Amino acid sequence: QVQVVESGGGLVQPGGSLRLSCVVSGNIFSTYTVAWYRQAPGKQRDMVASLTVGGNTIYADSVKGRFTISRDNAKNTVYLQMNSLIPEDTAVYYCNLIRWIGSSYVAVRNWGQGTQVTVSS
């Protein structure tokens, strides 16, 4: 059974950095766009960053210049380097493989448990 396992979250002070990792089991990782999402309490899950097979990236305006998404296909792993963190970045972060269907991206695999990121002094 394909699993998605996120890690690397924690408590960090404003201005600090964290690096999230996500391992997706199975043999399809290298053929799909990967993405990080986040969900704050009481809010919907929103895409933070995506990275295509060809290396094209898209970032939410709120994280541009601060977050960097990358992937290692040999390790079935996607990373999210987060710098200059602010309290508004506090959320549970999820990753997934995604594909475009119709007019939106759709998650390819079941969502994992996510990893909690808390930015607070």
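## Secondary structure

In this predicted model, the protein contains 0 helices and 11 strands. Read from the N terminus, its elements follow the order β-β-β-β-β-β-β-β-β-β-β. The radius of gyration is 14 Å, close to the 14 Å that the globule rule gives for 121 residues, so the protein is as compact as a globular protein of that length.

## Dimensions and contacts

The C-alpha trace extends over about 40 × 30 × 25 Å along its principal axes. Among the contacts with a separation of 6 or more, 55% are made by residues 24 or more positions apart.

## Burial, surface and charge

Buried residues make up 40% of the 121 residues of the protein. The accessible surface amounts to about 6,500 Å², and carbon and sulfur atoms contribute 47% of that surface.

As for charge, the protein carries 10 positive and 6 negative side chains. The centres of these two sets are 6 Å apart.

## Leucine 11

Leucine 11 belongs to strand β2, which covers residues 10-12. Its relative accessibility is 67%, and because exposed means over 50%, leucine 11 counts as exposed.

When neighbours within four places in sequence are set aside, leucine 11 is in contact with Thr118 and Ser120.

Methods:
Residues numbered from 1 in each chain as written. Predicted model: local features only at pLDDT ≥ 70, side-chain atom pairs only at ≥ 80, totals over all residues. Heavy atoms only, no water. Helix = DSSP H or I, 4+ residues; strand = E, 2+ residues; numbered from the N terminus. Buried < 20%, exposed > 50% of the residue type's maximum accessible area, 1.4 Å probe, protein only. Contact = heavy atoms within 4.5 Å. Rg over C-alpha atoms; globule rule 2.2 N^0.38 Å. Areas by Shrake-Rupley, 256 points an atom, 1.4 Å probe, with all protein chains shown as cover. Lys, Arg positive; Asp, Glu negative; His and termini not counted. Charge placed at Lys NZ, Arg CZ, Asp CG, Glu CD.
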